[in-house]
Structure formats: C-alpha cells, structure tokens
Amino acid sequence: MGTGLLLMILSVITQAYILVRLNAVCQPSDQECPSSRIIPKLSFAFTLVTIRAASLLSNSYILAEGRVTNFLLATSCIAGVWSSATNGNFTIEEFIFLLLNIFARFGIELGMSKQIAGPTATKDHPVSIICDIFGSSFCNVSMDIFPIISLAMVTCIVLKLIAYAVHQRFLKYFIICGTILSYAFIANYWASESTLLSHTKAVQEIGRSLAPRFVYAIGGLSLVISVLWRLFAPVDSLKFNKRITSLSAAMLCSWSPTILMLLGRQGAFVALICITGAWCIIMLQQKYQKDSKLDITGSCVANPVSVTQWSLLAVCLFYLTGHWCTFDGLRYGAAFIGFDNFHIIRQGFLLSIDTFGVSHILPVLSLPFVAIHCYNTASKKSKVKDVTINILIQVHLMYGLITAITTTVTIVCVTIQRRHLMVWGLFAPKYVFDAIGLLLTDLLICLASFYYS
C-alpha cells in the first residue's frame, strides 16, 4: 500500500511539473504572463478539486458524492455569474449552465437514483408522488414519449455537429448515415418494449435482439473507418484545427450510439444534459479568452476552471445515470441488451462501456473541443498548429491531473480508514472504481495524443 501510494504521489508531482514546464515553454519571452487573471482561476479550480477530494474521507460523503459534485459545479457556475454581473458582461450561457445544474440535481435525486433502479419505487419517492397526482397512465405515456422526443432532439444536435465539425466529405456522409441508422434502431428498440403499441412476438424479438446488435456493429464500423481515415488520409488535405475537429467528432459519433443504447430510456435525456453542459463550458471558455484581450500566443495556460467544470460534469453524469461506486451499483442488465446468453468477454465489455462511457469515454474524447476554441481567437501571425497542440496537451494534462489527484486522495482515505466498518462496503469499491477510471482516462489520453498528432 505504501509503494502504491508513493507511486501515485510521484505521478501527481510529475504531471504537475510537466504542466508548469509546458506553460513556461508556451509563454513567449517578449510577452508578460497575465498572472493577475490566471492565478485566481487556478486557485479557484484547485480549491474545488481539493474540497471534492477531501470529502472522500467520510463514508457519508462517498454515498452523497453525486450531490457533493453537483454542489461544487453549481458553486463554480455561481462564481462565474457573480464575476460577470460585477463586470457587466453577463451572458445567457451562464444562466443556462446554472439552470442545467438544477436539472442535474433533480435527476440525481429523483428518476435516476439507486432507488428507482430497482423493480419498484418506494411510496414516498417523488416519482411515485407525481404518479399519484397525475395518474399512472399519464406516467406510463410520458415515460414512453419523452425518451423519443429527447432522442429526436439529440439526433438533430448531433447531425448539426457533424455538419459543422467534420470537413472531409466521405467521412461526413458516412458518419451522418451511420448516426441516422443507429438512432433509428435505438428508437425501434424502445418501441418494441413500449406498452402503448401492440406488437407481434416476432417483431418484439427482432427489435430487442437485432436492433442493439446493428447499433453495436455500426458503431464498431464507424470507429474502424475513423481510425483508417486518420492513418491513410493525406495529412495536408485539411488545416490542423479542422482535422482535429473532424477526428474528434467522428470518434464521438462512433461511441455515442452504443453508450446511448446501453443507458436505456434515460440515455437521451442524459445526452441532452451532457451536450448542453459541454456547449456552455466551451462558450464560457471563449468568453474568457475574449475578456482576457490577449492574442492566443500570449495566453499562459488554458482556463483551468473550464477543465475542472468538465471533470465535475463527468462525475455528475456518472451518478445521473444511476451508477454508484459500489459493486451492487453496477447496471448488470445493460450487459445483456441485445443478447440472451452470457459470454464473459462480451458482457464484460458492454458493462464497462455502460459504467464508464458517459463519465470517462465521452468526456475525454470531447476535450479537444475545449482547446480548439483557440483557433477562433488566434491572430493571423500566430502559428495555429503549434498553439493548438500546446493548448490541447495542456487540457489533457489538466484533466488527467485532476483525476490523478482524486484517485491519490482516495488511496490515502482508504489507507486511513482501513479498519473502518465500511471499508469493504464503500471505501474499497470506491478505490477500485477510481483506479479503473484513472487507468481508463490515462489510456484514452495517450491514445488521443497519438490519434490527433
């Protein structure tokens, strides 16, 4: 335990040192670093990460980690609103982001908590109270119609993202066709399980078994095409920033249908929250860049508050989808969507995607959109490729450092509480989830570094 803890501490120190050195390399010698703007944001981001990490010493706070993280994310939103209101440059994105945190809090508390994951909800549960007020028929109709409406909205947003971000014609049309087919199969799968529509047994079997497999196959094929296009497409056919956005959007569209399928009917609503939150963070990042009134080569580091908000949002999404850092909190039913027979590799792979898809895979793959905003504010004299690479590396290092700090503190807490009554019920599972999450995050960051280079 001591050796493992020492290695984690050395890892955190090494990542922090590399980040500081990279910042020094990126800073031109003829420009003064605006520390008056960077240091307060860096201190605020470090405070948020420290508070969340310190809360893991208590088993009660581990149980309430989703609410704690949502509280810290809302705190960062309120701080941003207060700063903007003081300076007189309040934007609608800040209000939407704050409102989004309210929806996320209700999502964690109500329909996507561990209570509702069981066969029935308790009588005093808020969902049951709503059903008693409006009637069970209204709840049944809403639970069948609302996911379809959310899925249609997600489809429109994703198609617009593809049209905007993907610049290579063949890749764009292939991803658009694959996305439309995947979401159509997802809707077909939900319709086959609906009690409002009458289906024959053959139609239900086809919808429940073949539709998910088609979604998995399309996602795998899209992933292969994206990698092949990265390896064999002409390097100079597109500008570097457009190439980054094309590759990132293609990778996101390859993973998202499978994750959406495994999350079930709540997946479309969670996807809307994820997309809206990501859009708000990116817009606020651009606002920070404009408020700094700096050329992009004069920026010291990427905004650490934006990366911290991205990390906190990912944790909120983990609990928003009904997951818990306990072994009985795993959604084992997701591993059998589209399959009736058990195969340890196949079901383990699907369960891993369901558990870490919305909290680790999608957030890490979306990080380039936090860094690529620099192109829009770069001057014509700047070396846009070098700047984009530097900011992209900084964003990935910040995100990995936040995850490493949390995991290191989790190890310290497990060491301190090794004789606690809940050591095997809460502290050890929390350590396992954080360690696997850190390993997955570092692996994705390494693969992304090669993929975007």
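How many residues of the lining of the second largest pocket are nonpolar, how many polar and how many charged? The lining divides into 33 nonpolar, 10 polar and 2 charged residues. The views below come from a predicted model.

**View 1. The second largest pocket holds about 1,200 Å³ of space.** The lining is made up of 45 residues. Closest to the pocket centre are Ile-157, Leu-161, Ile-275, Ala-278 and Trp-279. Six elements are listed here as giving two or more residues to the lining: α5 (92–109), α7 (136–165), α10 (240–263), α11 (266–292), α13 (344–371) and α14 (374–377). Helix α11 gives the most, with 14 residues.

**View 2. Helix α4 packs against helix α12.** Helix α4 spans residues 65–87, and helix α12 spans residues 304–320. The angle is about 145°, and the axes lie 9 Å apart. The crossing is left-handed. From α4 come Glu-65, Gly-66, Thr-69, Asn-70, Leu-72, Leu-73, Ser-76 and Cys-77. They meet Gln-309, Leu-312, Leu-313, Val-315, Cys-316 and Tyr-319 of α12. By class, this contact has 8 nonpolar, 5 polar and 1 charged residues.

**View 3. Ile-402 sits in helix α15.** The helix covers residues 384–416. Ile-402 counts as buried because its relative accessibility is 10%, and buried means under 20%. Leaving out residues up to four places away in sequence, Ile-402 touches Val-49, Val-307, Thr-308 and Ser-311. Phe-46 is 356 residues from Ile-402 along the chain, yet their C-alpha atoms are separated by 8.8 Å.

Terms used
Residues numbered from 1 in each chain as written. Predicted model: local features only at pLDDT ≥ 70, side-chain atom pairs only at ≥ 80, totals over all residues. Heavy atoms only, no water. Helix = DSSP H or I, 4+ residues; strand = E, 2+ residues; numbered from the N terminus. Buried < 20%, exposed > 50% of the residue type's maximum accessible area, 1.4 Å probe, protein only. Contact = heavy atoms within 4.5 Å. 1 Å grid on protein atoms, 1.4 Å probe; cavity = no way out; pocket = protein on both sides within 12 Å on 5 of 7 lines; lining within 4 Å. Points joined across faces, edges and corners; volume = space filled by probe spheres on them. Nonpolar A, V, L, I, M, F, W, Y, C, P; charged D, E, K, R; others polar. Axes fitted to C-alpha atoms, helices over the stretch in contact; angles between N-to-C directions. Left-handed = near helix turned anticlockwise from the far one by under 90°.
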